[in-house]
Amino acid sequence: VPDSAADPVQFVWRYDDPQDREVVAAIASGLAFGRLASVLASIERVLALIGPRPAQYLERFDVGEARQVLAPVVHRWTRGDDLVALLVVLRELRARHGSLEGAVLAGDD
């Protein structure tokens, strides 16, 4: 477990479930650009909005609801709808391969 509070990967280690970890890692990597304080704040905000079980959130994911929930999120030029698009892709990859790791191992891009 990294001990650096200045690294977006810190969010991954909050979760015990590997499924949650990979979803959080994908969200964090999708927002890991810009000023570090803004990156960390944006990741924190998204995780707070999707709840304590990110993988379960994707399993019951509703695009309309997510658009409302994530609408106030702004990270540089990324908006709530951009995050919803990312979550749709993550959901589809997990559905096809059982996990994001499975998608990577299958070479699904």
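Q: Where does D20 sit?
A: D20 is in helix α1. Keep in mind that this is a predicted model.

Q: Buried or exposed, that D20?
A: Buried, because its relative accessibility is 2% and the cut-off for buried is under 20%.

Q: What does D20 touch, leaving out residues up to four places away in sequence?
A: D20 touches Y15, P52, R53, P54, A55 and Q56.

Q: And which residue forms a salt bridge with D20 at 2.9 Å?
A: That's R53, with 2.9 Å between the closest N and O atoms. The pair links distant parts of the chain: D20 belongs to helix α1, while R53 is in the loop between α2 (36–50) and α3 (54–59), 33 residues apart.

Q: How accessible is R53?
A: R53 is partly exposed, at 34% relative accessible area.

Q: Which residues are in the salt-bridge network with D20 and R53?
A: D17 is linked with D20 and R53 in that network.

Q: How many salt bridges does the structure hold?
A: There are 8.

Q: OK, what does R94 pair with?
A: R94 forms a salt bridge with E22, and their closest N and O atoms are 3.6 Å apart. R94 lies in helix α5 and E22 in helix α1, so this pair ties together parts 72 residues apart in sequence.

Q: Are those two buried or exposed?
A: R94 and E22 are both buried.

Q: What about R96, which side chain does it meet in a salt bridge?
A: The side chain of D108, at 3.0 Å from N to O. R96 is in helix α5 and D108 in the segment after α6 (100–105), so the bridge ties together parts 12 residues apart in sequence.

Q: Why does R96 count as exposed?
A: Because its relative accessibility is 55%, and exposed means over 50%. D108 counts as partly exposed, at 25% relative accessibility.

Q: Switching to helix packing. How do α1 and α5 cross?
A: The axes of α1 (residues 18–31) and α5 come within 11 Å and cross at roughly 145°. The crossing of α1 and α5 is right-handed.

Q: Which residues meet there?
A: From α1 you have Q19, E22, V23, A26, I27 and L31, and they meet L83, L86, L87, L90 and R94 of α5. The residues of this contact divide into 8 nonpolar, 1 polar and 2 charged.

Q: Now α4 and α5, at what angle do they cross?
A: Roughly 140°, with the axes of α4 (residues 63–70) and α5 (residues 80–97) coming within 8 Å. α4 and α5 are therefore oblique to each other.

Q: Left-handed or right-handed?
A: The crossing of α4 and α5 is right-handed.

Q: What meets what in that contact?
A: On the α4 side it's V63, A66, R67 and L70, and on the α5 side G80, D81, L83, V84, L87 and V88. Those residues divide into 7 nonpolar, 1 polar and 2 charged.

Methods: Residues numbered from 1 in each chain as written. Predicted model: local features only at pLDDT ≥ 70, side-chain atom pairs only at ≥ 80, totals over all residues. Heavy atoms only, no water. Axes fitted to C-alpha atoms, helices over the stretch in contact; angles between N-to-C directions. Helix = DSSP H or I, 4+ residues; strand = E, 2+ residues; numbered from the N terminus. Parallel < 35°, antiparallel > 145°, perpendicular 65-115°, else oblique. Left-handed = near helix turned anticlockwise from the far one by under 90°. Contact = heavy atoms within 4.5 Å. Nonpolar A, V, L, I, M, F, W, Y, C, P; charged D, E, K, R; others polar. Salt bridge = Lys/Arg side-chain N within 4 Å of Asp/Glu carboxyl O. Buried < 20%, exposed > 50% of the residue type's maximum accessible area, 1.4 Å probe, protein only.
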